[in-house]
Amino acid sequence: MSKQIKEYPTEPLKCWNEAKTLRKNYYEDYLNAHNRGGVRWAGGAWTFSAIPAGLGNDVYFITGEPHGATIAFYKDFASKCHDATEAAGFPRTLCAYMRNYWGAILLDKFILADGSVVDGYPAPDFIWQDHICCSHGKWYQVVKWLEKKKGREVPMYCVDVSVGYSLDPSKPLEEYKSNYLIQQLNDGIDWLEKVTGRKYDDKLLCEAVWNEMKSTSLWAEICALNQAVPAPLDEKTMYSLYVMGTLMKHRPECVAFYERLKEETKDRVKRGIAAVPYERFRVITDTQPPWGFLNIFREMEKYGVVSLGSLYTFGLIGMWEYKPDGTWIAKPLPPKKPKTREEALRVIVEWTLNKPEWAHFYRPELKTRMMKSIVDQWKANAVLLHYNRGCEGLSVHIAENRLGLLEAGIQVFPFEGNMGDEREFDMAGTLGRLTAFFESMGLKKLVE
Amino acid sequence: MITAGVDVGAKFVKIVLLDDGKVIGRAKALVGFDVGKSAGDLFESALKNAGLQRSDVKKVVATGMGRESVHNKPPVNAEEVVSEVVADAAGTFHLVPTAKTVIDVGAEEGRGVKVGEGGKVKDFVINERCAAGAGTFVEAMARALEVRVEDMGLLSLKSTQTIPMNAQCCVFAESEVVTLIHSKVSKEDVSKAIHDAIASRIGSMVLRVGVEKDVVLIGGLALNPGFLPPLKKELNADIIVPEYPEYVSALGAAIIAAKGGV
């Protein structure tokens, strides 16, 4: 170990165990919902999850992408899911999360947060989804079809969000876009009442919408704290923290957790507590990582490299406001909490359509611009781009983003892989190339 | 000052002994199952041929995919390891100071390296999980054609027609070669199709980092005369092939050792 390299103090996150418990309870609550007389639904992490909250406090749900990622993390189970999906005739080029999810249904097995697998896939009572990408649109149609083969009829509602992101983030969102979504959500509430036989409670909706806005703004504040040198959080750890927003962004538990996490992260910044003791090179990544191989981040740390996050980690859940100078700040909440259904729907639609991660579905240069802003503002030295074969949505235009970043003079390291299919990631090869990249940046391994 | 570069590649170990910038010894041998032993045996033999002891060598730097097998392990006891990309750039810059783009095609990997000032790496690209852009591809196709791998290049130069090969994967390419054989396409034309396919694969990969003159080709495939013409065409550029192209990475490692390490 070179004596010239500064060593920062480190310490474990105090709220780590709370994060683990929240995730554990989340999957168990969904599994056991019917035993408690509750309702359960399924849909994507992008869906307007605050809307079904108006059905009552005993409504439990499972979001598909984090579930697909959990399966991917446990490679043995993931492998069984791939086999089952391919045997059922689905090609391996489809979204890997989706294939993992379908595989679990086909196997009739359900994986919990700790990797334990229980028999009997808990079918949802209804599906509440949106069309953020082609896979998201078809994903639950197939779920519905697979469940029907088991003799279960699962009603499905899907919100068309194709009006998309504001193409000029400096201007207010076009009203017709909001109206298009609000109309669908209003219809969706009628549909929810019909399929569940429950009376819809607008107060619960307003509460859930406000919680979602708070938790997504809080997550952005937490990410903004990672601009500090040394960074108080590393991305591998952040994956276990941001996931709460992908699972339950509208729940009060999520708000409470992020409030505590924000305070703890602020305290770490104040005391100079680092995520990586020998931080000397800061990178950001892009899109989902290969979930079965997260130890690659630990390998990077041996070179004194900290991954600060990514547009994905910051922007999938975090809500941001873009300043005219290109900088980002956590989006402040509106002055008052919504009190009616109409107010709640409008405010959550306008809030959601500004989500940064929506941008590159529509214009790759917006994503490049955002990545450049993150590099500047978070003081990153390079960008690691995952050419993720497992996600058509978030991988679209990555090669163009690479060129845009290079043109801006930013060092880029692309690598191929798959977020959810371990057969498509070469850990040894990727590490070898990463080593070459770090060496070309003048970095040597500091610890074995 | 004597230094050594040891390139433990996928198929061959290559060693270069350097004395004040001058090459005083080269050695090459197949890598056996015991990678460390193959490299160690060759290293000892190279030292013996040069009339040297290990203690005469001030520093050894290892590179190549098997570099860790000789890192601080006797008899090589390489004090440092360096990635192939950095070694490629250093070795090429030493031989061709005007080089801006290095293409290294070895048994297992194809690489494109943009070289900056002083032989530093500006950018690079490496083929991912596919042998279709590496020397192994030629070997597999030679087996399918039942010709010696050494003859593949010359055979391709005798081709009279261009046959497109669509497969981008070694396994599917072999099926395609078999189909071409069954279609009575000559071995010369199939051989050219194979070299065109590799050149296309490597060319499109290198274009990702950009091609800037001078372009230098190194690695084992640079010894194959059938590879250079289609690669030149693919990149629309003249390509320099230095003497002993398969040793350039080892030379780079020896130069890095002479400079005191990474």
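Author: The answers below set values against definitions.
This is a predicted model, in which local features need pLDDT of at least 70 and side-chain atom pairs count only at pLDDT 80 or more, while totals for chains, interfaces and linings use all residues. Residues are numbered from 1 along each chain as its sequence is written, and chains are lettered from A and ligands numbered from 1 in the order in which they are written.

Reader: What makes a set of residues the largest nonpolar core?

Author: A nonpolar core is a set of buried Ala, Val, Leu, Ile, Met, Phe, Trp, Tyr and Cys residues joined through C-beta atoms within 7 Å. A residue is buried if 20 or more other C-beta atoms lie within 10 Å of its own, exposed if 12 or fewer, and partly exposed in between, with C-beta atoms placed from the backbone. The largest such core has 211 residues, and those with the most contacts inside it include A:V209 and B:V6. Helix α7 (residues 202-224) of chain A gives the largest share of this core, 11 residues.

Reader: How do you know what A:V209 touches?

Author: Two residues are in contact if their C-beta atoms, placed from the backbone, lie within 7 Å. Leaving out residues up to four places away in sequence, A:V209 touches A:A50, A:H250, A:P338, A:A344, A:V347 and A:I348.

Reader: Why is strand β11 of chain A described as largely enclosed?

Author: Five of the seven residues of strand β11 (residues 382-388) of chain A are buried, so the rest of the structure largely encloses this strand. Helices (H or I, at least four residues) and strands (E, at least two) are DSSP runs, numbered from the N terminus.

Reader: How do you know which strands β11(A) pairs with?

Author: Two strands pair if DSSP finds at least two bridges between them. Strand β7 (residues 281-285) of chain A is joined to β11(A) by two bridges, in parallel. Seven bridges, also parallel, join β11(A) to strand β12 (residues 411-417) of chain A. A:A382 stands opposite A:V283, and in β12(A) the bridge partner of A:A382 is A:Q411.

Reader: How do you know that the span of helix α12 of chain A agrees with expectation?

Author: The expected span of a helix is 1.5 Å times one less than its number of residues. The 13 residues of helix α12 (residues 341-353) of chain A should span 18 Å, and the end C-alpha atoms are 18 Å apart, so the two agree. Among the buried residues of α12(A) are A:A344, A:V347 and A:I348. The buried residues of α12(A) pack against α6 (175-196) and α7 of chain A.

Reader: What makes up the side of chain A that touches chain B?

Author: The contact takes 10 residues from chain A and 12 residues from chain B. Helix α17 (residues 427-440) of chain A gives the most to chain A's side, with seven residues. That side divides into one nonpolar, four polar and five charged residues; Ala, Val, Leu, Ile, Met, Phe, Trp, Tyr, Cys and Pro count as nonpolar, Asp, Glu, Lys and Arg as charged, and the others, Gly among them, as polar.

Reader: Which domains does chain B have, and how many of their residues are in contact?

Author: Chain B is divided into domain 1 (2-85 + 247-258) and domain 2 (97-241), with bounds that come from an automatic or database domain assignment. Eight residues of domain 1 of chain B are in contact with nine residues of domain 2 of chain B. The C-alpha centres of these domains lie 26 Å apart.
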